[in-house]
Amino acid sequence: MAAHESTGSWITLATDGSLVVPDHPYIGFIEGDGVGPDIWAATRPVVEKAVDKCYAGRRRIHWVELAAGEKSHRDSGQWLPETTLELLRRCVVAIKGPMTTPVGEGIRSLNVALRQLLDLYACVRPVRYIAGVPSPVKHPEKVSMVVFRENTEDVYAGIEWPAGSDEAARVADFLRDSFGVELFPDSAIGIKPMSRFGTERLVRRAIQYAIDHGLPSVTLVHKGNIMKYTEGAFRGWGYELAASEFGDLTLSEAELLEKHGGVKPGGRVVIKDRIADSMFQQALLRPDEYSVLATPNLNGDYLSDALAAQVGGLGMAPGANIGDACAVFEATHGTAPKYAGLDRINPGSLILSSVMMLDHLRWAEAARCIEKALEKTILDGIVTYDLARQMKGAHEVKCSEFAAALVDRMDAP
Ligand code: NAP
């Protein structure tokens, strides 16, 4: 019997868009490729133990396995079956491992396809230091940011043609004939669309998050000095949205200085903007001046990995892809093929993504239970290879052993 035929109930959406979560919800999972099965096998018992411990049987997750990626292609010849998309929409909430994307050939990215087909327009990546994790910077505890990365537009939209193709030649002809733009004849061509609609819904979510969590600022990260009508517009639309929809709850950096002498009034979120290259150095030099970042797709991709490096690397970097109708939680990293099936990789990324998922369900007790046990495990020096190689006296364990140590610590007083 498939999991979804067991005795759970479906999560639904209320008319205001909020989740209605039954005590026994169906939740979708995609194991993923490469190290996906390793980190999923480690994460699932951690989530089940936390839910069991916190709700003593009153609440339980009914997992629904969804076919996608290499496993699905082997079984059915399909990378992303239509039934998976239908079930994802039905589940409303899902968690997934990474999926392989061949560079420069073959199938387009399944991850990007999933985000676009389900309109998961906000990629949310919290970056926070966990005590005991080794870091290459002196004060990793100063890093506490949540990246809201636009997920459906920008150069990621998949509008591009290879060098030498008929399509690239036609686009080049059009650019020359209509706009006098000359390209090198062997150019590949990609298009970078960015809309007011796409920007506004992303920035709206970022500001609402800052308000809901009492965070001091939202920074719009862009490269608008060069790409004025795309990245520059992202900045402009972001400020306009803040003023029109959150006028009483936000203020700009200029207003902060001019009207409040640089001292932030309580209950207000400061909206600022930084050019992307400058943001990278700010993230290293003055990370405590930033809390929520709202970024276009490509900037956010680079920034979230760079920030993750400051707090322990990709092994500790969780994420979520969220739309109005569905949310899919996933680690920030990829399939790390050289570690696939070795039971070696750090499952912390997917475990922390499950914490985000439990918070999304408003099962905060279970989320905090996992966080506490994770921190305790690391403080006890029990870590996977990636952290062990940066720590003195660490006890290096396998992926599954790390999860087991974490589960043990949930029972500790
Ligand atoms: P990657 O899979 O993220 O791995 C790069 C390196 O990051 C690893 O070799 C490892 O470094 C470190 N790392 C990643 N995950 C880790 C973990 N859980 N614990 C500890 N260290 C970890 O990047 P990639 O090799 O560039 O990409 C491989 C494939 O994944 C590509 O097909 C790519 O397109 C795809 N991808 C998928 C997603 C997704 O599904 N959302 C996201 C990104 C990439 P060390 O070797 O130094 O230990």
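I start with the term I need: a residue is buried if its relative accessible area is under 20%, with a 1.4 Å probe and protein chains only. The model is predicted, and I keep that in mind throughout.

**Entry 1: strand S10.** I looked up S10, residues 217–222. Six of its six residues are buried, so by the under 20% cut-off the strand is mostly covered. I then checked the two faces separately. On one side I find Ser 217, Thr 219 and Val 221, all buried.

**Entry 2: partners of S10.** Which strands pair with S10 in the parallel sense? I find S12, residues 269–275, joined to S10 over six bridges. Within S12, Val 270 is the bridge partner of Ser 217. I also find S13, residues 292–295, which pairs with S10 in the parallel sense over three bridges. There, Leu 293 of S13 stands opposite Thr 219.

**Entry 3: nonpolar cores.** I next looked up the largest nonpolar core. It has 77 residues. Trp 63, Val 218 and Leu 358 have the most contacts inside it. Helix H1, residues 36–55, gives the most to this core, with eight residues. A second, separate core has 17 residues, including Val 64, Leu 80, Leu 88 and Ala 94. As background, nonpolar side chains tend to be buried together in soluble globular proteins.

**Entry 4: H6 against H7.** How do the axes of H6 and H7 cross? Helix H6 covers residues 196–212 and helix H7 residues 231–245. Their axes come within 9 Å and cross at roughly 55 degrees. That makes H6 oblique to H7. The crossing is right-handed. From H6, the contact residues include Arg 196, Thr 199, Leu 202 and Ile 207. From H7, they include Phe 234, Trp 237, Gly 238 and Leu 241.

**Entry 5: Thr 199.** Is Thr 199 buried or exposed? Its relative accessible area is 1%, so Thr 199 is buried. Not counting residues up to four places away in sequence, Thr 199 touches Glu 153, Phe 234, Trp 237 and Gly 238.

Terms used
Residues numbered from 1 in each chain as written. Predicted model: local features only at pLDDT ≥ 70, side-chain atom pairs only at ≥ 80, totals over all residues. Heavy atoms only, no water. Buried < 20%, exposed > 50% of the residue type's maximum accessible area, 1.4 Å probe, protein only. Helix = DSSP H or I, 4+ residues; strand = E, 2+ residues; numbered from the N terminus. Pairing = 2+ DSSP bridges. Core = buried A, V, L, I, M, F, W, Y, C linked by side-chain atoms within 4.5 Å. Axes fitted to C-alpha atoms, helices over the stretch in contact; angles between N-to-C directions. Parallel < 35°, antiparallel > 145°, perpendicular 65-115°, else oblique. Left-handed = near helix turned anticlockwise from the far one by under 90°. Contact = heavy atoms within 4.5 Å.
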